[in-house]
Amino acid sequence: MTTSFQGIGISTGQSLALGPAFIDGRRRRNIARGWIAPEQIPTEIERLDQAVAAAHTGLRAIREQIPQHTPLNIADFIDTHLLMLEDVALVDEVRRIVSEQHCTAEWALQVQCDTLVRIFDEIDDPYLRTRRDDIEHVVEQIQTFLQGSFPLPEHGTQDLAGHVIVARDMAPADLILWHHRGAVAIISEFGGPMSHTAILARSLGIPAVMGVHDITAYLQQGELLLIDGQSGTITADADPLTLQDFRRRLQHAQVHRIRLRQLVGQPSVTRDGVAVSLMANLELPSDIALAQANGACGVGLYRTEFLYMNRRDLPDEEEHLASYAEMIVGLGGIPITIRTLDLGVDKRVDSVPASSPAGSNPALGLRAIRLCLKEPDLFRPQLRAILRASALGPVRLMLPLVSNIQEVETVIALIRELKAQLENEGLKFDPMLPVGAMIEVPAAALIARTIARRLDFLSIGTNDLIQYTLAIDRLDDSVNDLFDPTHPAILRLIHMTIVAAREMNRPVSMCGEMAGDPRFTRLLLGLGLREFSMHPGAILDVKEHVLQADTHDLNRRCTHILSRIDEADLGDLIDQLNTP
Ligand code: PEP
Ligand code: MG
């Protein structure tokens, strides 16, 4: 009997796969509390050190196996894990727990893992919060060696060509190996769209579904699975008709991908001659290649948070500058929008000297621009570095989570002061460096005109705008279905922002996930949006819609939609925008 499971679709575009299940039988171990005698402490620590060294060697071996043609950032993922194995917060603490509590290395490791995971859970930044997965994966590697077994790399070389891997959890290193062995899709019980494994799956183009609780218990080894990596639907035991229909979709998707590649290099212009900018959202310099391969005309959002990850100290001005310079040179002249630090407050993040304790609701607390303004030592080096980077190529500076005009005024004054400083020091910068704000809080959308008057551009961050407008935690599975980009309130705020920018003669873009979802391209064009920034893998899908669109017609239809925004048929009208 056809059975369907619903998880979180990690992939973009038509991302389908079909194949027999390979259920990864490895389970997270149940670590029992174990005690040791005081004289056993040195041996226990020696055992721990050997396991850490073995995990290190294992990861290095994986890193060396990465084929030339795979995206560069795969190596970065492995490097992140290698760094964690060297991090004193992990291994030194485990040694200390073994010595002080006279417990086994396994138990000490679990205790420290739980502590670190709790700390990461409290970070109010979705990207950094999902770094907890990395800690768990690294701990898993060490536990494996402690318990005398070997992790995936040594586990035989079974050919998994054409298989769908079903796992409880999956480390990026595992995903690389599954990929090498020919796996065509992955499913995991845990993990979300912002985990390293998810990012990696997208850049490898592997359909992936995550957060399918308990699925390993329901599936049979070898059973045929149909995966839709975008919608997150998994079908098992499909009847012949469902199977036939899926095969047709699969063929269609393959043809579609080949056709999309031909759009690279074609000007991004609508049927009625309106130019539309399609830019990339990037996080690491190694993402540049993907942006270029898909013909991005700029970087509409460069998230700088990665500079602060996996370390205890703060990056200084020179380090900021070096990383921006690498991006600017790599991008070869296309503009880059550098967003200032968007980190949530957490008093236990050693590298961020945020003095305020985490509030009861960190999403509404001291994060992003609020944190930066409260911590000038955190903010100034980054602002100076962005200013200096602007002498090297076309750069824009963007402020996250602006919610009032005082924040904008304060930053403008600070930038003015820093420009004078740089001038006195004889350091170069672009005196006209454009400064813009993200519109990702309803209050900012409502005063978008005032913000636009003070700044050079706006960019709509729908991920947070939806979260804050609809009161839906974007990380909470249980309310995921209410996260609706076409909610009338969201459409009003988006339209209001676009109109405000237009009236003030300022460019406005969108860099939230909505901009990279082709289902909304026509709607956004009709609402007046002309600059889109998205995961580079989504650019060609969106471009296809742009090329077929007629903005005249879409503007007319969207004006009608806005006039009926309180009516029940709004959803139908929006759907009709995508039907020829
Ligand atoms: C957004 O909120 O839409 C956005 C692009 O920022 P982030 O996802 O980094 O919070
Ligand atoms: Mg945001």
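1. One term first: a residue counts as buried when its relative accessible area is under 20%. Keep in mind, too, that this is a predicted model. With that cut-off in hand, have a look at strand E16, residues 531–534. Glu 531 and Ser 533 point one way, Phe 532 and Met 534 point the other way, and all of them are buried.

2. What does E16 pair with? Strand E9 (residues 277–282) is joined to E16 by 4 bridges, and the two run parallel.

3. Beyond the residues up to four places away in sequence, Thr 521 touches Phe 532, Val 542, His 545 and Val 546.

4. Now for the annotated spot. UniProt, in an unreviewed entry, places the feature "binding site" at Glu 440 and Asp 464. The two are spread over 25 residues of sequence yet cluster in space, with a largest C-alpha distance of 5.2 Å.

5. Take Glu 440 on its own. You'll find Glu 440 in the loop between strand E13 (435–439) and helix H16 (442–446). Is Glu 440 buried or exposed? Its relative accessible area is 2%, which is under 20%, so Glu 440 is buried. Setting aside neighbours within four places in sequence, Glu 440 is in contact with Pro 400, Leu 401, Gly 461, Asp 464, Leu 465 and Tyr 468. With Leu 401 there is a polar pairing as well: a polar atom of the Glu 440 side chain lies 2.7 Å from the backbone nitrogen of Leu 401.

6. Asp 464, the other annotated residue, belongs to helix H18 (residues 462–470). Asp 464 also counts as buried, because its relative accessibility is 3% and the cut-off is 20%. Leaving out neighbours within four places in sequence, the contacts of Asp 464 are Arg 367, Glu 440 and Arg 474.

7. Which residues come nearest to ligand 1? Of the 13 around it, those are Arg 303, Glu 440, Gly 461, Asn 463 and Arg 474. Taken alone, ligand 1 exposes 290 Å², and the protein buries 96% of that.

8. As for where the shell around ligand 1 comes from, strand E10 (299–303) and H18 each supply at least two residues. H18 gives the largest share, with 3 residues.

9. Finally, there's an open sheet to trace. Its 8 strands follow the order E1-E8-E7-E3-E4-E5-E6-E2, with mixed pairing. At the edges are strand E1 (3–6) and strand E2 (8–9), each pairing on one side only. Within the sheet, strand E4 (residues 164–167) and strand E5 (residues 185–188) pair in the parallel sense over 4 bridges. There, Val 164 stands opposite Ala 185 in E5.

Key: Residues numbered from 1 in each chain as written. Chains lettered and ligands numbered in written order. Predicted model: local features only at pLDDT ≥ 70, side-chain atom pairs only at ≥ 80, totals over all residues. Heavy atoms only, no water. Contact = heavy atoms within 4.5 Å. Buried < 20%, exposed > 50% of the residue type's maximum accessible area, 1.4 Å probe, protein only. Pairing = 2+ DSSP bridges. UniProt positions renumbered as here; feature names shortened; annotations may be inferred. Polar contact = N/O pair within 3.5 Å; in protein donor to acceptor, adjacent residues only side chain to side chain. Near = heavy atom within 4 Å. Areas by Shrake-Rupley, 256 points an atom, 1.4 Å probe, with all protein chains shown as cover.
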